[in-house]
Amino acid sequence: MTNDATAASGHDRWLYLFVAWIIAVAASLAALFIGEVVGQAPCSLCWHQRAFMFPLAVLLAVASFRGDTGIWRYGLPLAAIGMAIAAFHSLLYAGLIPEGIQPCSQGPSCASADMTILGMLPLPYLSLAAFAAIAIALIGSRTKAAS
């Protein structure tokens with residue numbers, strides 16, 4: 001592989017990492033906006049998802065600025081766990097999980113119709129999409145570009 005091809009491969013890997021960071025920052029800022037500006041209290045599953053998204057934003061920022069594409073080893077498990085929680089939340093919101101299993105005994109309901117933004121975009125689905133996109137970008141950051 002020539003130096004030009006190696007440089008291009010490194011740049012492509014960094015770009016995936018940078019995209020993962022942008023998604024994590026956007027999702028974190030959106031969660032803060034919804035909670036602090038709009039005033040919508042997060043349900044318990046939203047809190048759990050935040051516990052995985054917020055550290056991703058910080059870790060991916062450091063990795064992006066350092067060019068550390070090895071961050072996938074730490075970031076991918078965080079994204080996968082967050083994605084699993086978001087998938088459960090999405091199934092609960094969609095009504096596919098029986099009401100007796102719902103983890104929301106106190107505070108806002110995890111399956112409430114209030115779990116939307118702009119009146120039509122369900123927050124659990126947006127969270128699932130963000131975690132999935134971050135996971136895909138992290139996987140892309142660890143694979144070498146085709147030569």
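Predicted model: local features only at pLDDT ≥ 70, side-chain atom pairs only at ≥ 80, totals over all residues.
Visitor: Let's start with Gln49. Where's its place?
Guide: Gln49 is in helix H2.

Visitor: Fine. Is Gln49 buried or exposed?
Guide: Gln49 is buried, as its relative accessible area is 5%, and the cut-off for buried is under 20%.

Visitor: What does Gln49 touch, leaving out residues up to four places away in sequence?
Guide: Gly82, Ile85, Ala86, His89, Ser127 and Phe131.

Visitor: Why does Ser127 count as buried?
Guide: Because its relative accessibility is 16%, and buried means under 20%.

Visitor: What does Ser127 touch, again not counting residues up to four places away?
Guide: Gln49 and Ala86.

Visitor: OK, zooming out. How many helices and strands does the protein have?
Guide: Four helices and two strands. Along the sequence they follow the pattern α-α-α-β-β-α.

Visitor: How much of the protein counts as buried?
Guide: 37% of the 147 residues.

Visitor: What about contacts between residues at least 6 apart in sequence: what share join residues at least 24 apart?
Guide: 75% of them.

Visitor: Back to helix pairs. How do H2 and H4 pack?
Guide: At an angle of about 35°, with their axes 12 Å apart. H2 passes H4 in a left-handed crossing.

Visitor: Which residues meet there?
Guide: From H2 you've got Gln49, Phe52, Met53, Leu56 and Leu60, and they meet Ser127, Ala130, Phe131, Ile134 and Leu138 of H4. Sorted by class, the H2 contact with H4 has eight nonpolar residues, two polar and no charged.

Visitor: Now H2 and H3. At what angle do their axes cross?
Guide: Roughly 155°, and the axes come within 9 Å. H2 and H3 are therefore roughly antiparallel to each other, and their crossing is left-handed.

Visitor: Who makes that contact?
Guide: On the H2 side, Leu45, Cys46, His48, Gln49, Phe52, Pro55, Leu56 and Leu59. On the H3 side, Gly75, Leu78, Ala79, Ile81, Gly82, Ile85, Ala86, Phe88, His89 and Leu92. The contact of H2 with H3 divides into 13 nonpolar, five polar and no charged residues.

Visitor: How do the axes of H3 and H4 come together?
Guide: The axes of H3, residues 72-94, and H4, residues 123-142, come within 8 Å and cross at roughly 155°. That makes H3 and H4 roughly antiparallel too, and their crossing is left-handed. By class, the H3 contact with H4 has 18 nonpolar residues, six polar and one charged.

Visitor: Let's talk about the largest nonpolar core. Which residues touch the most other members?
Guide: Ala24, Leu56, Leu60, Ile134 and Leu138, out of the 28 residues in that core. H1 (3-37), H2, H3 and H4 each supply at least two residues.

Visitor: Which helix gives the most to this core?
Guide: H2, with nine residues.

Visitor: Why would nonpolar side chains be buried together?
Guide: As a general point, that's what they tend to do in soluble globular proteins.

Visitor: Jumping to Ser64. Where does Ser64 lie?
Guide: In helix H2, which covers residues 44-66. Ser64 is buried, with a relative accessible area of 4%.

Visitor: What does Ser64 touch, apart from residues up to four places away?
Guide: Trp14, Leu17, Phe18 and Trp21.

Methods
Residues numbered from 1 in each chain as written. Heavy atoms only, no water. Buried < 20%, exposed > 50% of the residue type's maximum accessible area, 1.4 Å probe, protein only. Contact = heavy atoms within 4.5 Å. Axes fitted to C-alpha atoms, helices over the stretch in contact; angles between N-to-C directions. Parallel < 35°, antiparallel > 145°, perpendicular 65-115°, else oblique. Left-handed = near helix turned anticlockwise from the far one by under 90°. Nonpolar A, V, L, I, M, F, W, Y, C, P; charged D, E, K, R; others polar. Core = buried A, V, L, I, M, F, W, Y, C linked by side-chain atoms within 4.5 Å.
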